[in-house]
Amino acid sequence: MREFRIFVQKEFFHIFRDRWTTLILLVLPVLMIILFGFGITTEIRNTKFAVYDPSRDAATQEIVNKLESSDYFTLDSYLSSPGDIEQLFKEGRVGFVIVFGEKFYQSMLHTGDAKIQLIADGTDPNTASILTNYATALINTYQQELFASQLIAESGKRGITAETRLLYNPTLKSAYNIVPGIMGMILMLICAIMTSVSIAREKELGTMEVLLVSPMKPFLIILSKLVPYFTISIINYITILLLSVFVLKVPIAGSLVLLTALSLLFIFVSLSFGILISSLVEKQIVALLISGMLLMMPAVFLSGLMFPVESMPQVLQWFSHILPVKWFIIAVRNVMIKGLGFSSIIKEVAILTGMGIIILMASIKKFKYRLE
Amino acid sequence: MKVIEVENLTKRFGSFTAVDNISFSVEKGEIFGFLGANGAGKTTAMRMLCGLLVPTSGKGVVAGYDIQHQSEKVKASIGYMSQKFALYEDLKVWENIRLYAGIYGVPEKETKERTDMLLAELGFEKEKESLVKSLPLGWRQKLAFSVSIFHNPEIVFLDEPTGGVDPVTRRQFWEMIYKASERGITVFVTTHYMDEAEYCNRVSIMVDGRIDALDSPSALRREFAAASMDEVFRHLARKSKNNGL
């Protein structure tokens, strides 16, 4: 056991004597959660809008006030002609423009065909659709209030009003979506990438050869490599949870024990992945590229962290199934955000366990081959 | 007493025969030079002797243990220094010594005492706490060799240990090899430098996976009517099919 202890200590020296490695392992996760948590946001706040209003009556004034008094929008300016609209978008000054029809209030009261046009910048479709949805909702509210107070609807027609309620994330905070994703990415980054690079480094430097000639069991060599990264993953897991609860204000709705067990399972899968990659390659840079391109990139794009998987082409959806991180993120969402119990994540746990065992077996087999 | 005995050892990778039916033996305390052009099969043969590769056929006994079935015991009785520099650059000098001593099961207390003795012998006392990466290459190679024999192995395998080292340091390095041999450690060394071949008690020259010559340097020079080992080597290498020179 003494050789194992000395060996684990050596691995910690490798990590803490290299400033960049230390930074990547301990500071990067904190930065990522703060950047993603605050920076990448799908919320709309204080977006500027312009108004072209030939009517200038009570109703249009009321609607503009309604938009401006919300948290989402700020009035930029009134336009004197519709021709200015394009120029505004080119300058990027406003998020959207609202155009009222002529004789708006009159039309609304009498002919019932008052027209409003919402113009948004389609080069960023996500933002554009969120903006117009919010604005439409506000305009609808105004309409209902007006009908209620003035009883215009006594003529008989009362439209159906759909009321949307978002469960689990009532205020539409994007951090709810970000935290599980970041957790998956960071654990994978540390376990898979750093482990595979560290083993590949020993091969590249020639120290692995010396270790393999020594009486030390290959199994122990690998195990002692895993201990530091496992420890650091646990530290990061705790940091992420603390940051998300106290800084991003995302509460842990479900069981902490279950969430921890789930994360340990994912750490195990990622570590196995790291060993498998390192058993296939000889160079650090290759290990880095493979783990970066094969694990991180798809993890970011296909795991549902940024784009919904459901709206992707069928082929990509199939591909996303083989990514462990996707299942981890789904399970974390269920436990941490929705507060569901074990029965809700049986499928994800089973898939992750299966993947872990298969990957570990493949890497052990591969590692033995290298000794023959 | 023979510490290495090899009979008809062969290693094939697919249809390629890297080591072709070689037989030789090495006496205890001998400095045995293992020569050959690149690709002649030296490294493959050495890896089989160290228990890193399993032979396709034939038999080998190293330090009294069968290389095929008792490779764990073989590994515990040998030391190994590879052609790549094999100490950890980001560990201190004494940490490297402790790491390898620990792997080979040298007791902690003994390691401490002998580390100081060893550093004094090498004149490295002041560098005990230095990171290895701050040492010049020649020093590192000397340290790597000392580490490879720290656990008093029966045999030490050196794979091109003096590559890239200046002539003065090479000379000092060979003095260390002689000292180790006086202590009874058998030295099995591969090299590219023909002047170093002259320092060996006996040398074998591999061509295309076979051992084409095996004797003391002086006997080989006589046999091939050559003035130096360099000439002997070139004479044999010319016969090679894949001509590594």
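Buried area is the accessible area (1.4 Å probe) that two parts lose on being put together, summed over both. The model is predicted, with local features requiring pLDDT of at least 70 and side-chain atom pairs pLDDT 80 or more, while totals for chains, interfaces and linings use all residues. Residues are numbered from 1 along each chain as its sequence is written, chains are lettered from A in the order in which they are written, and side-chain values use heavy atoms, without hydrogens and water.

**View 1. The interface of chain B and chain A.** About 2,700 Å² is buried between chain B and chain A, 58% of it on carbon and sulfur atoms. Of the area that chain B buries against chain A, 24% comes from L52(B), Y88(B) and I103(B), more than from any other three residues. In contact (heavy atoms within 4.5 Å) are 31 residues of chain B and 28 residues of chain A.

**View 2. Polar pairs and the chain B side.** The interface has 10 residue pairs in polar contact, both at pLDDT 80 or more. A polar contact is a pair of N or O atoms within 3.5 Å; within protein, one must be able to donate a hydrogen and the other to accept it, and residues adjacent in sequence count only if both atoms are side-chain atoms. Two or more residues on the side of chain B that touches chain A come from each of α2 (71-77), β6 (78-81), α3 (93-103) and α4 (108-122) of chain B. Helices (H or I, at least four residues) and strands (E, at least two) are DSSP runs, numbered from the N terminus. With six residues, α3(B) gives the most to this side. By class, this side has 19 nonpolar, three polar and nine charged residues. Ala, Val, Leu, Ile, Met, Phe, Trp, Tyr, Cys and Pro count as nonpolar, Asp, Glu, Lys and Arg as charged, and the others, Gly among them, as polar.

**View 3. Salt bridges between the chains.** A salt bridge places a side-chain nitrogen of Lys or Arg within 4 Å of a carboxyl oxygen of Asp or Glu. One salt bridge joins the side chains of R17(A) and E95(B) (2.8 Å, N to O). This pair runs from the loop between α1 (2-16) and α2 (19-39) of chain A, which holds R17(A), to helix α3 of chain B, which holds E95(B). Another joins D90(B) and R201(A) (3.8 Å, N to O).
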